[in-house]
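Here is a short report for a first look at this structure. Keep the sequence and the 3D view at hand while you read.

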Amino acid sequence: MGRLLILILLIVLAAWLVRRALRRAAPQADVPSAQKSDELVRCAQCGVLPPRAEARLSAGAIYCSEEHARLGPGPR
Ligand SMILES: [Zn+2]
C-alpha cells in the first residue's frame, strides 16, 4: 500500500513538473514570432502606425522611417 502511494505521488509530481515546463516555454515561443512583429507603433514625426519590425528607434522615440528619425519628433 505504501509503495502504491509513493508511485501515485511520483506521477502527480511528474505531471506537475511537465505542465510547469510547458507553461514556461509557451509564452517565450509565442511572443517574438506572433506579437512583436504584428504590434503597431506610432511614428513620433507623422503619426503613421508601422509594424514594430519596420519601425526605427531614435533617442527614445519611434519613427516610421530613417528620414523621420533624422527629422525628430513632429509638432504634435
Ligand atoms: Zn513618420
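## Alanine 55

Start in the loop between helix 1 (2-38) and strand 1 (56-58), where alanine 55 sits. Helices (H or I, at least four residues) and strands (E, at least two) are DSSP runs, numbered from the N terminus. The model is predicted: local features need pLDDT of at least 70, side-chain atom pairs count only at pLDDT 80 or more, and totals for chains, interfaces and linings use all residues. Residues are numbered from 1 along each chain as its sequence is written.

Alanine 55 is buried because 21 other C-beta atoms lie within 10 Å. The cut-offs are these: 20 or more other C-beta atoms within 10 Å of a residue's own make it buried, 12 or fewer make it exposed, and anything in between is partly exposed, with C-beta atoms placed from the backbone. Not counting residues up to four places away in sequence, alanine 55 touches Val41, Pro50, Ile62, Tyr63 and Cys64. Contact requires C-beta atoms, placed from the backbone, within 7 Å. Cysteine 43 is 12 residues from alanine 55 along the chain, and their C-alpha atoms are separated by 7.8 Å.

## The nonpolar core

Which residues make up the largest nonpolar core? They are Cys43, Ala44, Ala55, Tyr63 and Cys64, 5 residues in all. Such a core is a set of buried Ala, Val, Leu, Ile, Met, Phe, Trp, Tyr and Cys residues joined through C-beta atoms within 7 Å.

Take alanine 44 from this set. Neighbours within four places in sequence aside, alanine 44 is in contact with Ala61, Ile62, Tyr63, Pro73 and Gly74.

## Histidine 68

Histidine 68 lies in helix 2 (residues 66-71). This histidine is buried, since 22 other C-beta atoms lie within 10 Å. Its contacts, leaving aside neighbours within four places in sequence, are Cys43, Gln45, Cys46 and Tyr63. Histidine 68 and cysteine 43 are 25 residues apart in sequence, yet 8.1 Å apart in space, C-alpha to C-alpha.

## Alanine 59

Alanine 59 lies in the loop between strand 1 and strand 2 (61-63). With 9 other C-beta atoms within 10 Å, alanine 59 is exposed. Its phi is positive, about 50°, although it is not a glycine. Most residues other than glycine have a negative phi.

## The whole chain

The protein has 2 helices and 2 strands. From the N terminus on, they run α-β-β-α. Buried residues make up 9% of the 76 residues.

Methods. Contact = placed C-beta atoms within 7 Å.
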